[in-house]
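Biologist: I have not looked at this one before. Can you take me through it, starting with the terms you use?

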Amino acid sequence: MERRTLLQSAAAVTTGALLPTAVSTGTATATTTTPGSSLRRVHIVLFDGVEELDFAAPLETLDIASKFGAPIETTLVTCDGPRTIVASCGTRIQVTAPWQPENADVILVPGGYARDPDRPGVAREIKRGVIPAALRAARRTRPVMASVCVGALLLGAAGLVRGRPCTTHHMSKDKLAEQGGKVVDARVVDDGDLVTSAGVTSGLELALWLVQRGHGIDVSLNVERVLEYERRGAVYRTGRD
């Protein structure tokens with residue numbers, strides 16, 4: 001059976017109340033979400049030392065989805081307001097949008113170096129405390145919180161993963177567990193208003209899943225075709241809204 005047909009057929013299956021369930025996105029993906037749900041305004045949080053691929057892969061994936069008619073608007077933001085950030089490989093990015101979490105349906109946090117707080121990256125941002133505090137306050141506006149790779153540790157530092165199924169890069173799963181997360185071995189973990197993904201390239205899976213969850217299987221498959229990428233691994237869904 002053609003992969004597109006197989007995925008479309010699986011998307012029509014109702015998973016029922018026996019959740020959580022692990023769903024393979026490499027062969028079939030089950031979803032009960034309704035296209036057009038409020039996953040439209042996506043804010044990607046940047047900071048000095050952010051990994052380029054962690055934010056660029058979702059950024060491009062979501063942009064391609066918008067060209068297929070999905071009403072997605074992606075905005076780069078920092079929790080400090082407009083400024084220039086220097087990413088992990090030295091890329092300089094001028095962020096012009098203000099920090100306005102009340103205007104976001106999804107706040108997506110990419111990763112960065114997570115071991116040394118004296119080096120730009122996640123560990124330094126946890127020590128600095130600005131991003132965790134901003135994310136904690138933003139939770140009151142009820143956006144979906146999402147992360148790529150060790151961006152989950154920033155959500156953890158904000159207290160947003162405690163007692164929740166989640167995932168991160170395999171080298172940081174112990175740290176995420178220390179922050180109170182119920183760590184799952186999956187490429188993407190969807191716990192309703194908390195959606196986390198594993199290391200680096202899983203940002204593609206995360207973004208494709210957000211497209212599928214919010215705007216339907218056909219759009220996500222069209223984006224895959226443009227990217228020349230087929231999702232792999234699993235989406236672990238808990239059934240939480």
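Modeller: Buried means under 20% relative accessible area, exposed means over 50%, and partly exposed is in between, with a 1.4 Å probe and protein chains only. Helices (H or I, at least four residues) and strands (E, at least two) are DSSP runs, numbered from the N terminus. This is a predicted model, in which local features need pLDDT of at least 70 and side-chain atom pairs count only at pLDDT 80 or more, while totals for chains, interfaces and linings use all residues. Residues are numbered from 1 along each chain as its sequence is written, and side-chain values use heavy atoms, with hydrogens and water left out.

Biologist: Which residues of helix α8 are buried?

Modeller: In α8, residues 217–227, they are Ile217, Val219, Ser220, Leu221, Val223 and Glu224. After α8 comes glutamate 228, with a positive phi near 55°.

Biologist: How many helices and strands does the chain have?

Modeller: Eight helices and twelve strands. The chain has 241 residues, and 55% of them are buried.

Biologist: What is the mean pLDDT?

Modeller: The mean is 88, and 85% of the residues reach 70 or more; pLDDT is the predictor's confidence in each residue, from 0 to 100. Over residues 12–36 the pLDDT is below 50, though this stretch has 63 contacts in the model beyond near neighbours in sequence. Contact means heavy atoms within 4.5 Å.

Biologist: Now the core. Which residues have the most contacts inside the largest one?

Modeller: They are Leu46, Ile107, Leu135, Met145, Leu155 and Leu206, in a nonpolar core of 60 residues. Helix α7 (residues 202–215) gives the most to this core, seven residues. Apart from it lies another core of five residues, including Val184 and Tyr236. A nonpolar core here is a set of buried Ala, Val, Leu, Ile, Met, Phe, Trp, Tyr and Cys residues joined through side-chain atoms within 4.5 Å.

Biologist: What is isoleucine 107 in contact with?

Modeller: Leaving aside neighbours within four places in sequence, the contacts of isoleucine 107 include Trp99, Leu135, Met145 and Ala146.

Biologist: How many bridges join β6 to β7?

Modeller: Four, and the two strands run parallel; strands pair if DSSP finds at least two bridges between them. Leucine 108 has alanine 146 in β7 as its bridge partner. On to β11 (residues 194–197): three bridges join this strand to β7, again in parallel, and methionine 145 stands opposite leucine 194.

Biologist: Where is aspartate 105?

Modeller: Aspartate 105 is in the loop between β5 (92–95) and β6 (106–109).

Biologist: Why does aspartate 105 count as buried?

Modeller: Because its relative accessibility is 14%. The aspartate 105 side chain reaches the backbone nitrogen of arginine 40 at 3.3 Å. Not counting residues up to four places away in sequence, aspartate 105 touches Ser38, Leu39, Arg40, Arg41, Pro143 and Val144.

Biologist: And glutamate 125, buried or exposed?

Modeller: Buried, because its relative accessible area is 2%. Glutamate 125 is in helix α3 (residues 122–128), and among the residues that it touches beyond four places in sequence are Phe47, Asp48 and Leu154.

Methods: A polar contact is a pair of N or O atoms within 3.5 Å; within protein, one must be able to donate a hydrogen and the other to accept it, and residues adjacent in sequence count only if both atoms are side-chain atoms.
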